[in-house]
Amino acid sequence: KQWYQRRVRANRGPSTRITITTYRKTCEIVVTGDTTGLEIIADVCDIFHLPEPAYFGVRVKREGGFYWLENDESVRVACGKKWIEAVKVMEFKIRFFPPDLTRITDDNIIHTYFTHIRDEVIKGNMLTDPTTAISLAALILQAESGNYDPMVHDADFIKQADCLSSRYSKDSSAIINNIAMEYEQSGRLSPIEAYLLFLERAQKISECGVEYYSTKDKGGSTFNIGAGHDGVFIKHNKLDNLILFKWVNIVTMRYDQKFLWLEIEDKKPSTFEMANKEIARIIFTAFIAQHNFKLGRRLSPFKTYGEKRSIKSKSSNDDPDSRTGSITATPPASEPSSRLTGPPPKQTLETTFSRC
(Lines give C-alpha, C1' and ligand atoms only; values in the text may rest on other atoms or scores of the structure.)
Protein backbone atom coordinates (compact mmCIF):
# COMPACT_ATOMS: atom_id res chain seq x y z
CA LYS A 1 0.00 0.00 0.00
CA GLN A 2 1.19 3.51 -0.70
CA TRP A 3 2.15 5.56 2.36
CA TYR A 4 -0.65 8.06 1.84
CA GLN A 5 -3.48 5.53 1.49
CA ARG A 6 -6.56 6.49 3.50
CA ARG A 7 -7.44 4.60 6.66
CA VAL A 8 -10.87 3.20 7.43
CA ARG A 9 -12.83 5.80 9.39
CA ALA A 10 -15.64 3.71 10.78
CA ASN A 11 -16.77 4.33 14.37
CA ARG A 12 -14.51 7.33 14.95
CA GLY A 13 -16.98 9.61 16.68
CA PRO A 14 -18.73 12.78 15.50
CA SER A 15 -17.84 13.99 12.03
CA THR A 16 -18.29 17.19 10.07
CA ARG A 17 -18.29 17.94 6.36
CA ILE A 18 -16.00 20.80 5.42
CA THR A 19 -15.30 22.72 2.23
CA ILE A 20 -11.68 23.32 1.26
CA THR A 21 -10.87 25.96 -1.33
CA THR A 22 -7.29 26.02 -2.53
CA TYR A 23 -5.56 27.25 -5.66
CA ARG A 24 -8.94 28.23 -7.15
CA LYS A 25 -10.37 24.75 -6.64
CA THR A 26 -13.01 23.62 -4.15
CA CYS A 27 -13.80 20.22 -2.67
CA GLU A 28 -15.69 18.73 0.26
CA ILE A 29 -14.37 16.08 2.67
CA VAL A 30 -15.59 14.49 5.91
CA VAL A 31 -13.42 15.01 8.99
CA THR A 32 -13.65 13.53 12.49
CA GLY A 33 -11.70 14.50 15.57
CA ASP A 34 -9.36 11.54 15.00
CA THR A 35 -8.69 12.34 11.35
CA THR A 36 -4.97 12.87 10.83
CA GLY A 37 -3.16 15.32 8.60
CA LEU A 38 -2.11 12.45 6.34
CA GLU A 39 -5.69 11.37 5.76
CA ILE A 40 -6.85 14.89 4.91
CA ILE A 41 -3.98 15.33 2.45
CA ALA A 42 -4.80 11.99 0.83
CA ASP A 43 -8.48 12.89 0.45
CA VAL A 44 -7.83 16.29 -1.12
CA CYS A 45 -5.10 15.01 -3.43
CA ASP A 46 -7.39 12.20 -4.57
CA ILE A 47 -10.15 14.67 -5.43
CA PHE A 48 -7.81 17.12 -7.19
CA HIS A 49 -5.90 14.31 -8.99
CA LEU A 50 -2.56 15.21 -7.44
CA PRO A 51 -0.44 12.02 -7.51
CA GLU A 52 2.19 13.18 -4.99
CA PRO A 53 0.63 13.96 -1.57
CA ALA A 54 4.11 14.21 -0.02
CA TYR A 55 4.51 17.71 -1.52
CA PHE A 56 1.45 19.05 0.29
CA GLY A 57 0.22 19.80 3.79
CA VAL A 58 -2.75 21.18 5.69
CA ARG A 59 -2.69 24.14 8.05
CA VAL A 60 -5.15 24.51 10.91
CA LYS A 61 -5.95 27.52 13.03
CA ARG A 62 -4.32 27.43 16.42
CA GLU A 63 -3.47 30.07 18.96
CA GLY A 64 -1.56 32.80 17.16
CA GLY A 65 -2.31 31.84 13.55
CA PHE A 66 -2.28 28.97 11.07
CA TYR A 67 0.26 26.18 11.52
CA TRP A 68 0.98 22.87 9.82
CA LEU A 69 -0.88 19.77 10.95
CA GLU A 70 1.71 16.99 11.02
CA ASN A 71 0.95 13.77 9.16
CA ASP A 72 0.40 11.65 12.28
CA GLU A 73 -1.34 14.40 14.27
CA SER A 74 -5.13 14.36 14.63
CA VAL A 75 -7.21 17.51 14.41
CA ARG A 76 -8.50 16.98 17.96
CA VAL A 77 -4.96 16.84 19.36
CA ALA A 78 -3.94 19.90 17.35
CA CYS A 79 -7.01 22.08 17.93
CA GLY A 80 -8.54 20.79 21.17
CA LYS A 81 -12.24 20.85 21.94
CA LYS A 82 -12.94 23.47 19.27
CA TRP A 83 -11.62 21.30 16.45
CA ILE A 84 -14.87 21.51 14.46
CA GLU A 85 -14.60 25.30 14.22
CA ALA A 86 -10.88 25.06 13.43
CA VAL A 87 -11.20 22.61 10.53
CA LYS A 88 -13.82 24.78 8.82
CA VAL A 89 -11.07 27.29 7.99
CA MET A 90 -8.43 24.67 7.25
CA GLU A 91 -5.93 25.41 4.47
CA PHE A 92 -4.55 22.88 1.98
CA LYS A 93 -1.27 24.16 0.53
CA ILE A 94 2.05 23.18 -0.96
CA ARG A 95 4.46 22.56 1.90
CA PHE A 96 7.67 21.25 0.34
CA PHE A 97 9.64 22.44 -2.69
CA PRO A 98 11.97 19.99 -4.47
CA PRO A 99 15.37 21.36 -5.49
CA ASP A 100 14.36 21.65 -9.15
CA LEU A 101 10.69 22.14 -9.96
CA THR A 102 11.30 21.58 -13.67
CA ARG A 103 12.00 17.91 -12.90
CA ILE A 104 8.38 17.32 -11.85
CA THR A 105 6.75 15.29 -14.61
CA ASP A 106 3.08 15.63 -13.67
CA ASP A 107 1.47 18.62 -15.38
CA ASN A 108 -1.25 19.00 -12.74
CA ILE A 109 1.36 19.37 -9.99
CA ILE A 110 3.35 21.78 -12.17
CA HIS A 111 0.25 23.95 -12.53
CA THR A 112 -0.34 23.84 -8.76
CA TYR A 113 3.23 25.00 -8.02
CA PHE A 114 2.85 27.73 -10.64
CA THR A 115 -0.36 28.98 -9.00
CA HIS A 116 1.21 28.93 -5.52
CA ILE A 117 4.36 30.86 -6.47
CA ARG A 118 2.42 33.20 -8.76
CA ASP A 119 0.24 34.26 -5.83
CA GLU A 120 3.27 34.71 -3.56
CA VAL A 121 5.03 36.87 -6.17
CA ILE A 122 1.98 39.07 -6.83
CA LYS A 123 1.36 39.58 -3.11
CA GLY A 124 4.94 40.82 -2.75
CA ASN A 125 5.89 38.06 -0.32
CA MET A 126 9.05 37.28 -2.28
CA LEU A 127 11.87 39.79 -2.72
CA THR A 128 12.37 40.33 -6.45
CA ASP A 129 14.53 42.81 -8.32
CA PRO A 130 12.83 44.82 -11.11
CA THR A 131 14.23 42.64 -13.89
CA THR A 132 12.97 39.42 -12.30
CA ALA A 133 9.59 40.95 -11.48
CA ILE A 134 9.11 42.03 -15.10
CA SER A 135 10.22 38.63 -16.44
CA LEU A 136 7.85 36.74 -14.14
CA ALA A 137 4.96 39.09 -15.00
CA ALA A 138 5.49 38.43 -18.72
CA LEU A 139 5.49 34.66 -18.17
CA ILE A 140 2.29 34.89 -16.12
CA LEU A 141 0.67 36.68 -19.05
CA GLN A 142 2.00 34.08 -21.48
CA ALA A 143 0.67 31.23 -19.34
CA GLU A 144 -2.75 32.73 -18.67
CA SER A 145 -3.45 34.90 -21.74
CA GLY A 146 -1.73 33.00 -24.54
CA ASN A 147 0.66 34.31 -27.17
CA TYR A 148 1.27 38.04 -27.38
CA ASP A 149 -1.08 39.98 -29.66
CA PRO A 150 -0.35 43.73 -29.96
CA MET A 151 -3.99 44.39 -30.82
CA VAL A 152 -5.15 42.81 -27.56
CA HIS A 153 -2.32 42.93 -25.05
CA ASP A 154 -1.74 46.68 -24.94
CA ALA A 155 -0.68 48.80 -21.96
CA ASP A 156 -4.22 48.99 -20.54
CA PHE A 157 -4.56 45.21 -20.67
CA ILE A 158 -1.28 44.71 -18.80
CA LYS A 159 -2.23 47.29 -16.15
CA GLN A 160 -5.50 45.49 -15.46
CA ALA A 161 -3.93 42.03 -15.47
CA ASP A 162 -2.96 40.54 -12.12
CA CYS A 163 0.63 39.72 -12.96
CA LEU A 164 3.08 42.17 -11.33
CA SER A 165 4.51 42.03 -7.82
CA SER A 166 2.80 44.50 -5.48
CA ARG A 167 6.26 45.83 -4.66
CA TYR A 168 6.19 47.66 -7.99
CA SER A 169 3.73 50.18 -9.36
CA LYS A 170 1.73 49.61 -12.51
CA ASP A 171 1.59 53.38 -12.94
CA SER A 172 5.16 53.30 -14.20
CA SER A 173 5.03 53.36 -17.99
CA ALA A 174 8.59 52.04 -18.14
CA ILE A 175 7.65 48.90 -16.21
CA ILE A 176 4.52 48.32 -18.33
CA ASN A 177 6.48 48.78 -21.56
CA ASN A 178 9.18 46.39 -20.38
CA ILE A 179 6.57 43.76 -19.46
CA ALA A 180 5.02 44.11 -22.92
CA MET A 181 8.43 43.77 -24.56
CA GLU A 182 9.30 40.72 -22.46
CA TYR A 183 5.87 39.23 -23.15
CA GLU A 184 6.35 39.65 -26.90
CA GLN A 185 9.82 38.12 -26.77
CA SER A 186 8.74 35.14 -24.65
CA GLY A 187 7.92 33.29 -27.83
CA ARG A 188 5.11 30.91 -28.64
CA LEU A 189 4.88 28.77 -25.53
CA SER A 190 2.12 26.45 -24.49
CA PRO A 191 0.76 26.96 -20.96
CA ILE A 192 2.75 24.07 -19.48
CA GLU A 193 5.94 25.38 -21.07
CA ALA A 194 5.26 28.84 -19.68
CA TYR A 195 4.68 27.28 -16.24
CA LEU A 196 8.02 25.48 -16.40
CA LEU A 197 9.94 28.56 -17.51
CA PHE A 198 8.23 30.63 -14.80
CA LEU A 199 9.16 28.07 -12.12
CA GLU A 200 12.72 27.85 -13.40
CA ARG A 201 13.19 31.61 -13.02
CA ALA A 202 11.19 31.94 -9.81
CA GLN A 203 13.19 29.23 -8.06
CA LYS A 204 16.34 31.32 -8.51
CA ILE A 205 14.86 33.68 -5.91
CA SER A 206 16.52 32.61 -2.68
CA GLU A 207 13.37 32.66 -0.54
CA CYS A 208 11.18 30.76 -3.00
CA GLY A 209 9.11 28.29 -0.99
CA VAL A 210 10.01 29.76 2.41
CA GLU A 211 7.22 30.21 4.95
CA TYR A 212 7.87 32.78 7.66
CA TYR A 213 6.89 33.01 11.32
CA SER A 214 7.01 36.04 13.59
CA THR A 215 9.72 36.05 16.26
CA LYS A 216 11.76 38.35 18.51
CA ASP A 217 15.43 38.64 19.40
CA LYS A 218 16.91 39.30 22.84
CA GLY A 219 16.43 43.03 22.36
CA GLY A 220 12.71 42.67 21.66
CA SER A 221 12.96 43.53 17.95
CA THR A 222 10.31 41.78 15.82
CA PHE A 223 11.22 40.07 12.56
CA ASN A 224 10.44 36.87 10.64
CA ILE A 225 12.12 33.48 10.60
CA GLY A 226 11.47 30.72 8.11
CA ALA A 227 12.93 27.54 6.66
CA GLY A 228 13.18 26.25 3.11
CA HIS A 229 15.25 23.97 0.94
CA ASP A 230 18.42 26.04 1.37
CA GLY A 231 18.27 26.57 5.13
CA VAL A 232 16.88 28.94 7.74
CA PHE A 233 16.06 32.52 6.68
CA ILE A 234 15.88 35.70 8.75
CA LYS A 235 13.84 38.53 7.24
CA HIS A 236 13.38 41.94 8.86
CA ASN A 237 9.95 43.48 8.44
CA LYS A 238 11.07 46.92 7.31
CA LEU A 239 14.23 45.98 5.44
CA ASP A 240 14.43 44.22 2.09
CA ASN A 241 17.36 42.05 3.09
CA LEU A 242 17.72 38.40 4.01
CA ILE A 243 20.06 36.45 6.24
CA LEU A 244 20.47 32.80 5.31
CA PHE A 245 21.85 30.08 7.58
CA LYS A 246 22.49 27.15 5.26
CA TRP A 247 21.64 23.69 6.54
CA VAL A 248 25.21 22.55 6.01
CA ASN A 249 26.42 25.27 8.42
CA ILE A 250 23.87 24.62 11.17
CA VAL A 251 25.49 22.50 13.87
CA THR A 252 22.55 22.17 16.27
CA MET A 253 18.94 23.30 16.41
CA ARG A 254 16.71 22.92 19.46
CA TYR A 255 13.84 24.50 21.32
CA ASP A 256 13.50 25.18 25.04
CA GLN A 257 10.24 26.54 26.45
CA LYS A 258 9.28 29.33 24.01
CA PHE A 259 12.77 29.79 22.56
CA LEU A 260 14.27 28.38 19.38
CA TRP A 261 18.07 28.02 19.39
CA LEU A 262 20.37 27.80 16.38
CA GLU A 263 24.05 27.03 16.71
CA ILE A 264 25.83 28.10 13.55
CA GLU A 265 29.32 26.94 12.62
CA ASP A 266 31.98 29.48 13.78
CA LYS A 267 29.29 31.80 15.21
CA LYS A 268 27.64 32.39 18.56
CA PRO A 269 24.31 30.60 19.12
CA SER A 270 21.27 32.61 18.01
CA THR A 271 18.09 32.73 20.12
CA PHE A 272 14.59 33.42 18.79
CA GLU A 273 11.60 34.03 21.03
CA MET A 274 8.25 32.64 19.90
CA ALA A 275 4.76 33.43 21.19
CA ASN A 276 4.71 30.49 23.61
CA LYS A 277 6.11 27.01 24.25
CA GLU A 278 3.65 25.23 21.95
CA ILE A 279 4.33 27.57 19.02
CA ALA A 280 8.08 27.03 19.49
CA ARG A 281 7.52 23.26 19.29
CA ILE A 282 5.33 23.57 16.19
CA ILE A 283 7.83 25.79 14.35
CA PHE A 284 10.74 23.57 15.35
CA THR A 285 8.89 20.53 13.99
CA ALA A 286 8.18 22.40 10.74
CA PHE A 287 11.89 23.26 10.37
CA ILE A 288 12.88 19.63 10.99
CA ALA A 289 10.42 18.55 8.27
CA GLN A 290 12.03 20.98 5.81
CA HIS A 291 15.49 19.66 6.65
CA ASN A 292 14.37 16.05 6.23
CA PHE A 293 12.97 16.96 2.82
CA LYS A 294 16.31 18.55 1.95
CA LEU A 295 18.04 15.27 2.81
CA GLY A 296 15.73 13.48 0.40
CA ARG A 297 13.97 11.35 2.99
CA ARG A 298 10.64 12.16 1.36
CA LEU A 299 11.90 12.62 -2.19
CA SER A 300 13.13 9.15 -3.15
CA PRO A 301 9.70 7.42 -3.48
CA PHE A 302 8.24 10.14 -5.69
CA LYS A 303 7.04 8.89 -9.05
CA THR A 304 6.62 12.30 -10.66
CA TYR A 305 10.13 13.62 -10.04
CA GLY A 306 12.47 12.66 -12.84
CA GLU A 307 14.74 14.21 -15.43
CA LYS A 308 14.96 17.97 -15.76
CA ARG A 309 12.67 19.48 -18.40
CA SER A 310 14.16 22.58 -19.97
CA ILE A 311 12.42 24.96 -22.33
CA LYS A 312 13.77 26.05 -25.68
CA SER A 313 11.32 28.65 -26.87
CA LYS A 314 10.97 29.90 -30.40
CA SER A 315 10.22 33.56 -30.79
CA SER A 316 7.67 34.80 -33.28
CA ASN A 317 10.53 36.09 -35.43
CA ASP A 318 12.13 32.67 -35.85
CA ASP A 319 9.38 30.52 -37.26
CA PRO A 320 5.95 31.98 -37.93
CA ASP A 321 4.45 28.49 -38.16
CA SER A 322 5.83 27.40 -34.80
CA ARG A 323 3.12 27.21 -32.14
CA THR A 324 5.07 25.98 -29.14
CA GLY A 325 8.53 25.67 -27.75
CA SER A 326 10.19 22.32 -27.17
CA ILE A 327 10.86 20.40 -23.99
CA THR A 328 14.15 18.57 -23.67
CA ALA A 329 15.32 16.31 -20.86
CA THR A 330 18.71 16.59 -19.20
CA PRO A 331 20.18 14.39 -16.45
CA PRO A 332 19.42 15.65 -12.93
CA ALA A 333 22.25 17.38 -11.14
CA SER A 334 23.47 15.79 -7.93
CA GLU A 335 22.52 17.56 -4.71
CA PRO A 336 25.20 18.55 -2.20
CA SER A 337 24.95 16.53 0.98
CA SER A 338 24.14 18.17 4.30
CA ARG A 339 26.12 17.47 7.45
CA LEU A 340 22.94 17.38 9.50
CA THR A 341 22.05 13.72 9.40
CA GLY A 342 20.33 11.08 11.46
CA PRO A 343 16.71 10.18 12.18
CA PRO A 344 14.11 12.81 13.07
CA PRO A 345 14.58 13.89 16.68
CA LYS A 346 12.32 12.86 19.52
CA GLN A 347 9.94 15.74 20.20
CA THR A 348 10.57 16.97 23.74
CA LEU A 349 11.10 20.36 25.34
CA GLU A 350 14.84 19.80 24.96
CA THR A 351 15.48 18.55 21.43
CA THR A 352 18.68 18.72 19.43
CA PHE A 353 19.94 17.26 16.22
CA SER A 354 23.60 17.35 15.27
CA ARG A 355 25.66 16.63 12.24
CA CYS A 356 27.65 13.44 12.11
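The paragraphs below describe the fold of this protein, from its overall make-up to a few individual residues.

The structure is a predicted model, in which local features need pLDDT of at least 70, side-chain atom pairs count only at pLDDT 80 or more, and totals for chains, interfaces and linings use all residues. Residues are numbered from 1 along each chain as its sequence is written, and side-chain values use heavy atoms, with hydrogens and water left out.

The secondary structure comprises nine helices and 14 strands, where helices (H or I, at least four residues) and strands (E, at least two) are DSSP runs numbered from the N terminus. Of the 356 residues of the protein, 50% count as buried; here buried means under 20% relative accessible area, exposed over 50%, and partly exposed in between, with a 1.4 Å probe and protein chains only. Contact means heavy atoms within 4.5 Å. Among the contacts with a separation of 6 or more, 61% are between residues 24 or more positions apart.

Strands are taken to pair if DSSP finds at least two bridges between them. Strand β3 (residues 56-62) is joined to β4 by five bridges, the two running antiparallel, and Lys-61 has Phe-66 in β4 as its bridge partner.

Is Arg-95 buried or exposed? With a relative accessible area of 5%, Arg-95 is buried. Not counting residues up to four places away in sequence, Arg-95 touches Tyr-55, Phe-56, Gly-57, Trp-68, Leu-69, Glu-70, Ala-286, Ala-289 and Gln-290. One of these, Ala-289, belongs to helix α9 and is buried at 12% relative accessibility. Under that same exclusion of residues up to four places away, Ala-289 touches Arg-95 and Phe-96. Ala-289 and Glu-70 are 219 residues apart in sequence, yet their C-alpha atoms are 9.3 Å apart in space.

Helix α9 itself (residues 277-294) is mostly covered, with 15 of its 18 residues buried. The expected span of a helix is 1.5 Å times one less than its number of residues. For α9 this comes to 26 Å, which agrees with the 26 Å between its end C-alpha atoms. The N-terminal end of α9 is capped by Asn-276, a side-chain oxygen of which lies 3.1 Å from the backbone nitrogen of Glu-278. Such a polar contact is a pair of N or O atoms within 3.5 Å; within protein, one must be able to donate a hydrogen and the other to accept it, and residues adjacent in sequence count only if both atoms are side-chain atoms. After α9 comes Gly-296, with a positive phi near 90°.

Positive phi values also turn up elsewhere. Most residues other than glycine have a negative phi. Tyr-23, although not a glycine, has a positive phi of about 50°; Tyr-23 sits in the loop between β1 (15-22) and β2 (25-32) and is buried at 14% relative accessibility. Gln-257 likewise has a positive phi, near 60°, and lies in the loop between β10 (250-256) and β11 (259-264). Gln-257 is partly exposed, with a relative accessible area of 40%. Further along, β11 and β12 form a hairpin with five residues between them, and Asp-266 in the turn has a positive phi of about 65°. Four bridges join β11 to β12 (residues 270-273), which run antiparallel, and Trp-261 is the bridge partner of Thr-271 in β12.

The cysteines complete the description. How many disulfides are there? The count is zero, a disulfide being a pair of cysteine sulfur atoms within 2.5 Å. Cys-79 is buried at a relative accessible area of 17%, and Cys-163 is buried at 2%.
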